[in-house]
Amino acid sequence: VRRRISLSDWSDSLVELRARPHGMLLLGYVGVAYLLVGMADVLAVVLAFEILKLGPAGPGVLISAIGFGGMAGAGASMLLAGRRRLGPALAGALLVAGVPFALAGLTSHVLWALLLFAAAGAGKSYLEVAARTLLQRSVNEDVLARVFGLQEGLMLLALAVGALLVPLLVSLAGPRGAFVMAGLMLPLLAASTWRRLKSIDAEAPAPSKSLLLLLRVPMFGHLPVPVVERVAGRCVAVEFSAGEPLIRQG
């Protein structure tokens, strides 16, 4: 039976987030990260044409570097599985996602620009996984799907707003200054919320003990960290006697 999502459903998710201040903070981290992603798509054109003096393929090459870095960051995020403390990892991801992007606008060499864009992409992916994992640990299961839906909507809004802000940044600070202003958003956010970030793990429950068992099963080991943790939270311990069949074909 399909049920329509009502305004009360969304209000329930907002009430749940307001009841957990760290939930709103984590949502904000992802929102600002996607604000930077929206800016990056447009600023890559500025960097390619106005700073590096590349040809028509320049913006695509730079944006692809972010994508390659994102894949590396997603792979590294598997290290987050089962970790009790994710706050320090989240703070590091905020720095890695922002600082290289700020520096990319100050370079005049294509290779350095590609490496810095890749580093920023890796930080963004790592940040997203860490924030989603902590949000999943912190929010009530009953409203988790609606909270993630709210997050997806915020991400799309942030992408659009970020792209719209680029002309304003360039007019105020110039092409290089726009990169610095955009890239420093996440590090400044980390600095301003550092005290809350240090205590963010205290409220979230520890990962279940069954998580490590699932990670040793190949088909679960390839799943994203938040998915594996959610599956582990649903596991139920069942005891069997020696010689008793566990599974019968059919």
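Which residues in α4 meet L186, P187 and A190 in α7? I looked this up and found L94, L95, A97, G98 and V99 on the α4 side. Here contact means heavy atoms within 4.5 Å.

**Entry 1: the model.** I noted that this is a predicted model, in which local features need pLDDT of at least 70 and side-chain atom pairs count only at pLDDT 80 or more, while totals for chains, interfaces and linings use all residues. Residues are numbered from 1 along each chain as its sequence is written, and side-chain values use heavy atoms, with hydrogens and water left out.

**Entry 2: the overall fold.** I recorded 12 helices and zero strands in the protein chain. Helices (H or I, at least four residues) and strands (E, at least two) are DSSP runs, numbered from the N terminus. Of the 250 residues, 43% count as buried; buried means under 20% relative accessible area, exposed over 50%, and partly exposed in between, with a 1.4 Å probe and protein chains only. Among contacts between residues at least 6 apart in sequence, I found that 79% join residues at least 24 apart.

**Entry 3: helix α7 and its partners.** I returned to α4 and α7, which pack at an angle of about 145° with their axes 7 Å apart. Axes are lines fitted to C-alpha atoms, for helices over the stretch in contact, and angles run from 0 to 180 degrees between N-to-C directions. The contact of α4 with α7 has seven nonpolar residues, one polar and no charged. In this classing, Ala, Val, Leu, Ile, Met, Phe, Trp, Tyr, Cys and Pro are nonpolar, Asp, Glu, Lys and Arg are charged, and the others, Gly among them, are polar.

I then examined α6 (residues 144–183) and α7 (residues 185–192), whose axes come within 4 Å and cross at roughly 30°. The two helices are therefore roughly parallel to each other; angles under 35 degrees count as roughly parallel, over 145 as roughly antiparallel, 65 to 115 as roughly perpendicular and the rest as oblique. M181, A182 and G183 in α6 meet M185, L186 and P187 in α7.

**Entry 4: the core.** Where do nonpolar residues gather? I consulted the largest nonpolar core, which has 55 residues. Such a core is a set of buried Ala, Val, Leu, Ile, Met, Phe, Trp, Tyr and Cys residues joined through side-chain atoms within 4.5 Å. Helix α2 (21–51) gives the largest share, 17 residues. Among the residues with the most contacts inside the core are L43, F101 and F117. Setting aside residues up to four places away in sequence, L43 touches F101, V166, V170, A178, F179 and A182.

**Entry 5: aromatic pairs.** I found three aromatic pairs in the structure. Rings of Phe, Tyr and Trp (its six-membered ring) pair if their centres lie within 6.5 Å; planes under 30 degrees apart count as stacked, over 60 as edge-to-face and the rest as tilted. The ring centres of F117 and F179 are 6.3 Å apart and their planes stand at 45°, so this pair is tilted. F117 lies in α5 (residues 110–138) and F179 in α6, 62 residues apart. F117 is buried at a relative accessible area of 0%, and F179 is likewise buried at 0%. Ring pairs link F101, F117 and F179 into a cluster.

**Entry 6: V37.** I placed V37 in α2. With a relative accessible area of 22%, V37 is partly exposed.
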